[in-house]
Amino acid sequence: YPTRAHALTLLKKIHRRLRALPFVSSITLRQKARVPIVNIVTSYLVEVDIAVASPQTDTSVVAYPPPSAAAADAAVKVLKLCAKEWRVDKVWTGGIGSWKIYCMVRHAISASGRA
């Protein structure tokens with residue numbers, strides 16, 4: 001894994017290059033977060049977080065679409081909208097991110113035996 005300093009250097013380069021793209025409506029480098037990220041919002045209203053793999057990041061991969069993908073997608077979208085409405089959708093401010101919401105929904109579906 002790269003050191004935190006190396007990860008920040010890479011994220012700064014990514015930030016600089018992506019900032020110039022025409023479809024990027026806002027881009028923020030969150031250097032002081034526990035896991036530094038580049039947060040991007042596109043003109044298509046798609047939000048993306050980029051992190052460099054380190055001991056603090058989760059680099060697990062999920063095969064998509066999983067069983068019950070339609071149910072999972074609907075639940076995740078509703079929960080993400082609720083989190084955004086309640087202003088708890090930003091991990092770096094103590095909220096919950098999309099990945100955690102997705103994992104919780106998949107766990108709930110698996111535990112119910114519907115997966």
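**Entry 1: Asn39**

I looked up the neighbours of Asn39 and found that Asn39 touches Ser26, Ile27, Thr28, Arg30, Glu47, Val48, Asp49 and Trp92, leaving aside residues up to four places away in sequence. By contact I mean heavy atoms within 4.5 Å. Asn39 sits in strand S2, residues 37-42. Helices (H or I, at least four residues) and strands (E, at least two) are DSSP runs, numbered from the N terminus. Asn39 counts as buried because its relative accessibility is 4%. The classes are buried at under 20% relative accessible area, exposed at over 50% and partly exposed in between, with a 1.4 Å probe and protein chains only.

I note here that this is a predicted model, in which local features need pLDDT of at least 70 and side-chain atom pairs count only at pLDDT 80 or more, while totals for chains, interfaces and linings use all residues. Residues are numbered from 1 along each chain as its sequence is written, and side-chain values use heavy atoms, with hydrogens and water left out.

**Entry 2: the whole chain**

I listed three helices and three strands in the protein chain. Their pattern along the sequence is α-β-β-β-α-α. The protein chain has 115 residues, of which 25% count as buried. I took contacts in the protein chain between residues at least 6 apart in sequence, and 42% of these join residues at least 24 apart. The accessible surface of the protein chain is about 8,200 Å², and 60% of this belongs to carbon and sulfur atoms. Accessible areas come from the Shrake-Rupley method with a 1.4 Å probe; for residues, only the protein chains shown count as cover.

**Entry 3: helix H1**

I then went to His15, which lies in helix H1. Is His15 buried or exposed? His15 counts as buried, because its relative accessibility is 14%. Its contacts are Ile27, Thr28, Leu29 and Val38, again not counting residues up to four places away in sequence.

I class His6 as partly exposed because its relative accessibility is 41%. His6 and Val52 are 46 residues apart along the chain, and their C-alpha atoms are separated by 9.2 Å.

**Entry 4: surface patches**

I found a patch of positive charge on the surface, where Lys12, Lys13, Arg16, Arg17 and Arg19 gather. Patches take residues with over 30% relative accessible area and no salt bridge, joining like charges within 9 Å and nonpolar side chains (Val, Leu, Ile, Met, Phe, Trp, Tyr) within 5 Å. A salt bridge is a side-chain nitrogen of Lys or Arg within 4 Å of a carboxyl oxygen of Asp or Glu. Lys and Arg count as positive and Asp and Glu as negative, while His and the chain ends are not counted. The place of a charge is NZ of Lys, CZ of Arg, CG of Asp or CD of Glu. Lys12 is found in helix H1, residues 4-19, and is partly exposed because its relative accessibility is 38%.

I also noted a nonpolar patch on the surface, formed by Leu21, Phe23, Tyr44, Val46 and Val48, with about 450 Å² of accessible area together. Leu21 is in the loop between H1 and strand S1 (24-30).

**Entry 5: helices H2 and H3**

I placed Lys84 in helix H2, residues 69-85. The C-alpha atoms of Lys84 and Ile96 are separated by 9.7 Å. Ser98 is in helix H3, residues 98-112, and its C-alpha is 9.6 Å from that of Ala83.
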